[in-house]
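Hello,

Here is the structure I promised to send over. Please open it first; my notes follow below.

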Amino acid sequence: MHRITEILEGLGSRVTGWIWRLGFASRFFWLTLRHSGTAFRRFYLTIREIYFAGVLSLVIILVSGLFVGMVLGLQGYDTLVRYGSSEALGVLVALSLTKELGPVVAGLLFASRAGSAITAEIGLMKATEQLAAMEMMAVDPIARVVAPRFWAGIISMPLLAALFSAMGIFGGYLVGVRFIGVDDGSFWSQMQAAVDFKEDILTGIFKSVVFGIAITWIAVFEGYDAPPTAEGVSRATTRTVVTSSLAVLALDFVMTALMFRGI
Amino acid sequence: MQPGGKNGGRSGANSGAPDNMVEVDKVGFGYDRRRLVLRDINIAIPRGQMVAVMGLSGCGKTTLLRLIAGWLRPITGEIRVAGKPISRLGRKGLFALRRRVGMLFQFGALFTDMTVFDNVAFQLREHTDLPERVIADLTLMKLHAVGLRGAADLMPSELSGGMARRVALARSVALDPMLMLYDEPFAGLDPLSLGVIGQLMRRLNDSLGATSIVVTHDVTEALQLVDYVYFMSNGVVMAQGTPEEIRNSSDPMVAQFVKGESDGPVPFHYPAPDYRQDLFQEAMLEKAILEKAA
């Protein structure tokens, strides 16, 4: 009986703790939005963070995009050739990338490259009392540190996803057209005819903006909330990657289900 | 030497002195209402003075500094800085007051992504509309005052501990504050850097006409530097006086602290049962085991 009470107490305490944390994160999100004026009034702060979060993520995004596109080209050709429609390879590669793989894989890469860096940076600033010093100098750390990073993430994410998709399409072209020998004209013209800007491209952009919000919100919150110790920052960084990766996959399913019109 | 005793005019904000920069009036604080970290603290710091708050680690002196800085709010009593009740100020009011307060953190807390120059210029850029040329002049002036004008282009990671503390000092006085708060300014410094920082603190306090509160447990340096000392223990001010009075104090705890003796009212050993009894019990236990085995 005592053991059951202990288990129930532990469970209750964990659930209550989780709800508190969610509430704190929501309040933090609201505060970040409220203090976002600085991020736009002094846009150079945001530009600097776009460089760190976006530009420095370019290599991993472009290289991954190229390889994903090349694999898509190989696998897509292997399937399509069985039905005699290998000319549709361009459509398959483009739709897969713009609607799904581009935003999702770029989101996962962004979470591990930029999200973890944002959490670690803010967490270390907290641990070394830099945030406290800022507050003591009458400068709000949410306005000066958090908001520019938050908006930099939101701006960078769709651009990175678009570059990922473009690089992926190039990879598919390299493998499909250059190596395997699919007709060049069919590859591009079918893609042009089948990919709709509003239905396909905008869907991908919308998804990547949502992923950008989710990832950077989680990253800045985890950094700001991290216990000010080496272990605390390390755990917060891990939590950012795990939580934001799961959030990307879950949000992708929800958005795809809402946008799905096949039934 | 007791609060409200010999120097009764200083302790207790109700002394009516109009020129006190900081008044801590019957303040109690605890992270949990049932367990107070600070109890009935009464401190009054006149303008222009340099005051040390000393005591053993964990006695509540840093908590007191955080209360004066407005980071924490007291559970009982009131704190006034320049006549303003800091615990009742909103965020806007608190920030307005903090522009006139400088703080030196224990390890400097320099912004690691900025150069020494940008660190010192930070407040000037955030809070003034001065042209960059004027900001540069003021920043170099502050750096010159701490002897580090030549290090303006270095990054904090390229500085020694003492240099970093001097840069942090230059940054904290960038807006010529009326009140300076020092949180363990001598921690981890070599004797040379320690002396330099101490002299700079005194010189800046006097040249700016500021008031300074130094939280430290570095007895030798603090007693040479400050005008008045509050000695804290277990969350209360247990002694106060001029450095001379503290040096000659007959209070056993103050005397132990000043002389750095390992044993006294603050015991060397953490509470534990009698060692002889412990050893005897262990021997008895071993004997019983051996007998059982035989």
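**Two helices in chain A**

This is a predicted model. In chain A, one face of H7(A) is made of A:Val146, A:Arg149, A:Phe150, A:Gly153, A:Ile154, A:Ser156, A:Met157, A:Pro158, A:Ala161 and A:Ser165. These residues meet A:Gly204, A:Ile205, A:Ser208, A:Val209, A:Phe211, A:Gly212, A:Ile213, A:Ile215, A:Thr216, A:Trp217, A:Val220 and A:Tyr224 in H9(A). By class, the contact of H7(A) with H9(A) has 14 nonpolar, seven polar and one charged residues.

How do the two helices lie? Two packed helices are described by the angle between their axes and the distance between the axes. Helix H7 of chain A covers residues 141–180, and helix H9 of chain A covers residues 197–225. They pack at an angle of about 145°. Their axes are 8 Å apart. The crossing of H7(A) and H9(A) is right-handed.

**Between the chains**

Chain A gives nine residues to the contact, and chain B gives 12 residues. On the chain A side, six are nonpolar, two polar and one charged.

**The sheet in chain B**

Chain B has an open sheet of four strands, in the order E2-E1-E4-E5, with antiparallel pairing. Strand E2 (38–46) and strand E5 (84–85) of chain B are the edges, each pairing on one side only. E2(B) pairs with strand E1 (residues 20–29) of chain B over six bridges, in the antiparallel sense. In E2(B), B:Ile45 stands opposite B:Val22.

Helix H1 (residues 61–68) of chain B lies across E1, E2 and strand E4 (76–81) of that chain. H1 of chain B runs at about 120° to E1(B).

Best wishes

Note on methods:
Residues numbered from 1 in each chain as written. Chains lettered and ligands numbered in written order. Predicted model: local features only at pLDDT ≥ 70, side-chain atom pairs only at ≥ 80, totals over all residues. Axes fitted to C-alpha atoms, helices over the stretch in contact; angles between N-to-C directions. Left-handed = near helix turned anticlockwise from the far one by under 90°. Contact = placed C-beta atoms within 7 Å. Nonpolar A, V, L, I, M, F, W, Y, C, P; charged D, E, K, R; others polar. Pairing = 2+ DSSP bridges.
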